[in-house]
Amino acid sequence: MTLSDSTDVFVIGGGPAGLVAAIAARRRGFKVIVADSAVPPIDKACGEGIMPDGLGAARALGIDLETERARRFDGIRFCDRDSAVEARFPRGSGLGIRRTILHRYMVERAADAGVRLAWGTTVSGIAGDTVSVAGRKVRARWIVGADGGRSRVRRWAGLDRGSHESCRYGFRSHYRNEPWSELMELHWGDGCQLYITPTADDEICVALLSSDPHLRLADALPRFPAIARRLAHLDPLPPHPELGGVSASRRLKSVWRGNVVLVGDASGSVDAITGEGLCLLFQQSVALAAALESGDLASYQQAHRRIGRQPEFMAGLMLMLARHNGLRRRVIGAMAAHPRLFADMLAAHIREVSPLSAVRGGLVLGWRLLTL
């Protein structure tokens with residue numbers, strides 16, 4: 001694509017965050033360019049599950065993520081040794097979809113919306129209303145950083161200051177196997193967690209999360225005997241038998257400065273244990289497009305904090321369970337004995353009930369733990 005000399009919105013980063021932000025801006029009538037040094041499809045290690053509230057946020061942007069090569073799941077199951085508890089979503093379903101398939105689809109939707117896409121194009125810097133890209137200068141009224149957790153745009157704009165972060169590590173593989181459950185499963189182990197997500201009628205995604213950068217799926221599977229038996233005679237599928245990445249918990253003091261604004265992981269993130277990454281970027285993109293239209297990025301800052309509040313709370317709660325094995329086993333045991341508690345927690349997680357209801361559920365759970 002030949003770059004124009006100017007645009008309303010220049011998005012740096014062509015992953016899902018950049019593409020969704022671009023689509024949202026186009027729906028408000030802006031001219032948009034997206035530039036990325038990579039070429040589609042862009043892959044990333046993740047659990048590949050989208051919660052019902054994430055699908056709803058996508059539909060609000062006119063994006064229907066249902067494709068032939070995807071698989072619905074109806075709820076969540078927590079498993080820890082011999083204990084398990086599960087709940088269905090109050091309304092709707094989640095969707096398991098390979099990251100590469102999701103990215104191809106989002107590229108198509110962005111092109112259909114009239115977004116100008118510059119793949120294999122390196123952005124080397126920003127200054128004022130100018131983006132240095134592919135050896136030339138492009139003027140932009142707004143510059144959006146959607147270039148991930150290690151965002152250069154964030155650094156160029158001086159928005160790294162005041163950030164607080166911690167990191168864990170994830171590794172992901174796919175296996176050719178009919179899903180054995182209509183639920184996404186989270187298996188808890190000592191020092192790590194294993195996600196099982198159906199991503200097609202004949203395929204599952206297995207994702208490992210831990211604080212150990214050296215722990216790989218093959219080393220972790222013996223900690224999960226039931227899963228190890230199911231996968232014993234299966235080989236990981238190409239093209240990436242095992243893909244790794246960093247799962248960061250990051251909060252920034254500010255997500256904008258002047259005419260530069262951040263979205264997606266560039267703007268902060270919660271640990272992948274929540275499964276909320278895609279939902280967050282859909283909601284952020286809606287808020288960002290509204291702020292661009294009003295010319296008030298301070299309103300996006302307020303919306304960004306509001307959108308992230310509940311996922312940050314849930315991430316903190318789930319990471320506490322990850323760190324404290326005894327407490328986690330008591331919690332899962334209490335919820336298995338009283339499944340309504342888990343159903344209420346899941347409903348709060350996907351924003352089907354108010355935070356106040358979630359607090360009440362937490363008080364009930366605390367009482368159950370005390371009386372075990």
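The model is a predicted one, where local features need pLDDT of at least 70, side-chain atom pairs count only at pLDDT 80 or more, and totals for chains, interfaces and linings use all residues. Residues are numbered from 1 along each chain as its sequence is written, and side-chain values use heavy atoms, with hydrogens and water left out.

Start with the open sheet, whose 3 strands sit in the order 3-7-4 with antiparallel pairing (strands are DSSP runs of E, at least two residues, helices runs of H or I, at least four, both numbered from the N terminus; two strands pair if DSSP finds at least two bridges between them). Strand 3 (49-50) and strand 4 (71-73) are at the edges with a single partner strand each, so one side of each has no neighbour in the sheet. Strand 3 meets strand 7 (residues 94-96) over 2 bridges, with Gly-49 opposite Gly-96.

Next comes a hairpin: strand 14 and strand 15 have 2 residues between them. Strand 14 (residues 192-200) runs antiparallel to strand 15, joined by 8 bridges, and Leu-194 has Leu-208 as its bridge partner. In strand 15 (residues 203-210), 8 of 8 residues are buried (under 20% relative accessible area, with a 1.4 Å probe and protein chains only).

As for the helices, the axes of helix 7 (residues 277-294) and helix 8 (residues 297-323) come within 8 Å and cross at roughly 165° (axes are lines fitted to C-alpha atoms over the stretch in contact, and angles run from 0 to 180 degrees between N-to-C directions). Helix 7 and helix 8 are therefore roughly antiparallel (over 145 degrees).

Key: Parallel < 35°, antiparallel > 145°, perpendicular 65-115°, else oblique. Buried < 20%, exposed > 50% of the residue type's maximum accessible area, 1.4 Å probe, protein only.
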